[in-house]
Amino acid sequence: MKHNNKNILFVLCIEHKDCDDLEKRKVYQVLPDDKAADEGYLIIVDEYGENYLYPESYFISVELSRKVQDALRIPR
């Protein structure tokens, strides 16, 4: 999933091997981080506003309407 990490705001979890805190088929917010992306990772924000580093291969990017993004965005 090579991409410009600045443009990806939300991803869908498609794998959670060895990561009990991830849920398959759940949408997560992403924090842009070029260094993490260069290493093949994404910074994912959980429902509590905490962020964690996960393999990029565990997710696919999703395009959502602005209204849906606003509803899902975790306040920081």
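Reader: Does D46 count as buried, partly exposed or exposed, and why?

Author: The classes rest on relative accessible area: buried means under 20%, exposed over 50%, and partly exposed in between, with a 1.4 Å probe and only protein chains considered. D46 counts as buried because its relative accessibility is 14%. Please note that this is a predicted model, in which local features need pLDDT of at least 70 and side-chain atom pairs count only at pLDDT 80 or more, whereas totals for chains, interfaces and linings use all residues. Residues are numbered from 1 along each chain as its sequence is written, and side-chain values use heavy atoms, with hydrogens and water left out.

Reader: Where is D46 placed, and with which residues is D46 in contact?

Author: Strands and helices are DSSP runs numbered from the N terminus (E, at least two residues, for strands; H or I, at least four, for helices). D46 sits in the loop that joins strand 3 (41-45) to strand 4 (51-55). Contact means heavy atoms within 4.5 Å. When neighbours within four places in sequence are set aside, D46 touches Y52 and I74. A polar contact is a pair of N or O atoms within 3.5 Å; within protein, one must be able to donate a hydrogen and the other to accept it, and residues adjacent in sequence count only if both atoms are side-chain atoms. A polar atom of the D46 side chain lies 2.9 Å from the backbone nitrogen of Y48.

Reader: What can be said of Y52?

Author: Y52 belongs to strand 4. With a relative accessible area of 37%, Y52 is partly exposed. Beyond its neighbours within four places in sequence, Y52 is in contact with L42, I43, I44 and D46. The C-alpha atoms of Y52 and Y41 are 9.8 Å apart, and these residues are 11 residues apart along the chain.

Reader: How many helices and strands does the protein have, and what pattern do they follow?

Author: The protein has two helices and five strands. Along the sequence they follow the pattern β-β-α-β-β-β-α.

Reader: In what order do the strands form the sheet?

Author: Strands of a sheet pair through backbone hydrogen bonds, either parallel or antiparallel. Two strands are taken to pair if DSSP finds at least two bridges between them. Here the five strands form an open sheet in the order 4-3-2-1-5, with antiparallel pairing. Strand 4 and strand 5 (59-61) are the edge strands, each pairing on one side only. From one strand to the next, the twist averages 45°; axes are lines fitted to C-alpha atoms, for helices over the stretch in contact, and angles run from 0 to 180 degrees between N-to-C directions. Strand 1 (residues 10-13) pairs with strand 2 in the antiparallel sense over three bridges. F10 has Q29 of strand 2 as its bridge partner.

Reader: Is Y28 buried or exposed, and where is Y28 found?

Author: Y28 lies in strand 2 (residues 27-31). Y28 counts as buried because its relative accessibility is 3%. Apart from neighbours within four places in sequence, its contacts include L9, F10, V11, I44 and F59. The C-alpha atoms of Y28 and F10 are separated by 5.5 Å, although the two are 18 residues apart along the chain. The side chain of Y28 also reaches the backbone nitrogen of E23 at 2.9 Å.

Reader: Which residues make up the largest nonpolar core?

Author: In soluble globular proteins, nonpolar side chains tend to be buried together. A nonpolar core is a set of buried Ala, Val, Leu, Ile, Met, Phe, Trp, Tyr and Cys residues joined through side-chain atoms within 4.5 Å. The largest one has 11 residues: V11, C13, C19, L22, Y28, V30, L42, I44, Y54, Y58 and F59. Strand 1, strand 2 and strand 3 each supply at least two residues of this core. A second, separate core of five residues includes L31, A36, I43 and V45.

Reader: Which phi values and exposure do D18 and R25 have?

Author: D18 has a positive phi of about 65° although it is not a glycine, and R25 has a positive phi of about 70°, again without being a glycine. D18 lies in the loop between strand 1 and strand 2, and R25 is found in the loop between strand 1 and strand 2. D18 counts as exposed at 75% relative accessibility, and R25 counts as exposed at 67%.
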